[in-house]
Amino acid sequence: MRPYFEQMNTFGTEIKKGAIKRTEENVEAFLDAESQIDAEVARVKNAGFSTEKINARGEMTVWQRIDYLVDEGSWTPLHTIYNPANNEEGTTNVIDGLGKISGKWAVIIGFDNKVMAGAWLPGQSDNILRVTDLAKRLNVPLIWLVNCSGAKLPEQEKFYANRRGAGTPFFRHAELEQMGIPVLAGIYGTNPAGGGYQSISPTVLFAHKNCNIAVGGAGIVSGMAPQGGFTTEMAEVLIEKAKENRAKPPGSVKTHYDETGFFRYVFEEEKGVLDGLKDYMKDMPAYNPKFFRVAEPKEPAFAQEDILRLLPIEQKKVYEFDEILARVVDGAEHLEFRAGYGPEIYTGLCKVDGFLVACIGNRQGYLGKDYPEYADYPGIGGKLYRQGLIKMNEFVTLCGRDRVPIIWFQDTSGIDVGDIAEKAELLGLGQSLIYSIQQTDIPMMLVVLRKGSAAAHYVLGGPQANRHNAFTIGTAATEIYVMHGETAAVATYARRLVKEKESGNDLQPIVDKMNELAKSYYDKSRPIFCAKNGLVDEIVKLTDIRKYMQAFVGSAYQNPKSICPQHQMILPRIIKG
Amino acid sequence: MSEDIVAPLAGKIIAINIEAGQKVEEDEEIFIIEAMKMETSIYAPCDGTIKAIKVKKGDSVEEDAILGTIE
């Protein structure tokens with residue numbers, strides 16, 4: 001298949017001087033918006049105790065541990081500002097992402113030991129479940145850096161129980177292990193109760209000499225059966241018992257290395273634990289990349305900074321999606337599937353680091369007076385019409401057959417609406433695309449370049465496809481909502497306006513409510529809101545989109561459970577004709 | 001040699017970023033047309049001087065209408 005993939009068709013054009021001149025403001029606006037995201041990330045990184053204070057105790061912070069653990073330049077953070085319960089700590093208290101360790105991709109997650117010694121907080125278990133889902137979808141090892149003081153007790157009602165509560169990750173760990181996905185844990189500090197299960201549920205335990213893991217920690221062991229309240233005499237007894245347990249906490253290395261043997265390895269130094277994990281990762285199951293590469297990796301043909309000029313931050317401005325795609329794939333090369341049919345959608349095969357990847361994206365702008373063919377009105381990119389939906393159904397199905405991972409690029413205002421569109425079967429074709437995605441069993445990634453809206457956000461590989469969508473990234477221009485705020489205000493208040501008008505009442509109070517609703521939609525669709533509430537898994541810089549694609553594609557091809565021999569692929573043959 | 005600058009779609013002219021006699025560079029934004037809730041920019045097809053502008057802000061134009069000429 002070398003003739004198909006070694007040198008594919010080139011696309012994309014150099015940005016001309018006039019375009020550079022007209023896009024200066026756009027570059028400035030994007031950099032400013034990205035700096036606001038940076039500020040949020042810095043706030044999470046600086047949460048809790050200072051690095052100096054943790055280091056003065058002889059400990060590394062979780063950030064330092066991750067930095068030491070991963071191969072240089074490979075850390076691809078996810079969920080950094082995810083905080084769906086709006087915790088006052090500003091974090092779910094776990095830090096996670098994809099990274100290479102000893103040359104192999106892994107999902108990495110660690111408790112932030114700067115914040116309440118790595119306590120369970122509201123929203124954390126959902127963060128962990130996103131991470132276990134990621135390891136499951138990509139079939140790569142999950143690496144834990146455990147340092148967990150257990151539940152933040154004053155808020156236990158928010159996360160201890162429930163269907164996706166703090167105990168659920170332990171079942172997920174068991175599920176991963178049953179699927180043959182190893183979970184390695186480096187263990188530090190005091191890990192009582194919940195922290196104990198965080199430590200014991202992984203596959204192989206790498207302990208620091210000062211750590212301890214236990215069903216109950218010193219606090220619980222020091223306690224007593226409830227007696228209807230407390231007295232000062234009881235308090236004195238508690239103090240003595242707490243002192244004893246503090247000096248000799250349950251579940252130390254002496255117990256769990258020397259006695260139970262739960263700890264497979266014990267290390268004197270903090271870095272020793274990480275070195276142990278690195279050493280183990282060398283032996284984790286992974287194909288040599290050459291097994292799946294269809295060509296030698298190539299650098300992009302254009303600068304990543306071009307994307308700051310090509311993607312207008314102003315939502316109403318149209319742009320050339322193909323030009324952006326040409327920047328993020330190897331050598332600006334592709335094989336477009338059904339060019340000309342369903343012009344509102346790009347579908348094609350590209351390469352990332354020499355691996356074959358399928359790309360699907362919304363094209364923007366006017367689609368020509370004869371499109372959509374079923375209607376007497378003009379079509380505009382960003383919307384989905386009959387041909388585009390049919391094309392995506394075909395392409396996704398063939399990608400499933402050929403085992404090609406898919407990267408979706410969304411900037412969509414929705415599927416065409418109205419009775420003409422209904423007669424053109426768009427409702428059925430949208431759900432058909434969901435069916436097509438569900439039957440592929442291949443990993444997918446989504447980039448919400450700007451707008452994710454209406455049912456199109458679902459059918460274009462949205463995070464709702466959570467058996468397939470490994471993760472979703474957004475940009476500083478991302479906005480996600482069921483519909484535009486002003487459209488929502490009209491839908492909500494149009495009838496009320498008629499009623500008030502017919503009653504001869506002042507319309508201003510209703511108009512004020514409409515403006516309030518539109519403003520609320522705006523505020524609740526911003527990039528930071530989307531990341532904080534999990535509508536995307538990370539907001540990334542435009543110049544980092546390719547880096548996330550590399551992490552996704554590298555992970556997806558590291559140890560896939562299913563293979564299509566290159567010479568038995570049908571998609572490239574169909575494209576060639 | 002002069003070249004017509006045509007509207008790629010029907011819509012309303014919401015911005016004219018040039019004046020007659022102004023020098024422009026290829027791909028510089030010279031008009032913006034609003035249609036179907038989106039703004040479509042019209043770029044200079046080549047380096048040159050704007051010879052004439054045949055529309056004004058607020059005009060509705062048809063597809064292929066001549067918006068101006070560049071020399």
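The secondary structure of chain B consists of eight strands and zero helices, where helices (H or I, at least four residues) and strands (E, at least two) are DSSP runs numbered from the N terminus. Along the sequence of chain B the order is accordingly β-β-β-β-β-β-β-β. This is a predicted model, in which local features need pLDDT of at least 70 and side-chain atom pairs count only at pLDDT 80 or more, whereas totals for chains, interfaces and linings use all residues. Residues are numbered from 1 along each chain as its sequence is written, while chains are lettered from A and ligands numbered from 1 in the order in which they are written.

The radius of gyration of chain B is 11 Å, which agrees with the value near 11 Å for a compact globule of 71 residues; this radius is taken over C-alpha atoms, and the globule rule is 2.2 Å times the number of residues to the power 0.38. Chain A, by comparison, comes to 23 helices and 21 strands. Its radius of gyration of 26 Å is close to the 25 Å that the rule gives for 577 residues, so chain A is as compact as a globular protein of that length.

| Chain | C-alpha span | Buried residues |
|---|---|---|
| Chain A | about 85 × 75 × 45 Å | 50% of 577 residues |
| Chain B | about 30 × 15 × 15 Å | 34% of 71 residues |

Two residues are in contact if their C-beta atoms, placed from the backbone, lie within 7 Å. Among contacts in chain A with a separation of 6 or more, 77% are between residues 24 or more positions apart; in chain B, 56% of the contacts between residues at least 6 apart join residues at least 24 apart.

Most residues other than glycine have a negative phi, and most peptide bonds are trans. Asn162(A), not a glycine, has a positive phi of about 85°; it lies in the loop between strand S5 (142-146) and helix H7 (168-178) of chain A and is exposed, with 12 other C-beta atoms within 10 Å. Arg403(A) also has a positive phi, near 60°, and is placed in the loop between helix H15 (386-402) and strand S15 (406-410) of chain A, but Arg403(A) counts as buried, with 21 C-beta neighbours inside 10 Å. The peptide bond from Tyr371(A) to Pro372(A) is cis, with omega near 5°, and Pro372(A) is found in the loop between strand S13 (355-362) and strand S14 (383-384) of chain A.

How values were computed:
Buried ≥ 20, exposed ≤ 12 C-beta atoms within 10 Å, placed from the backbone.
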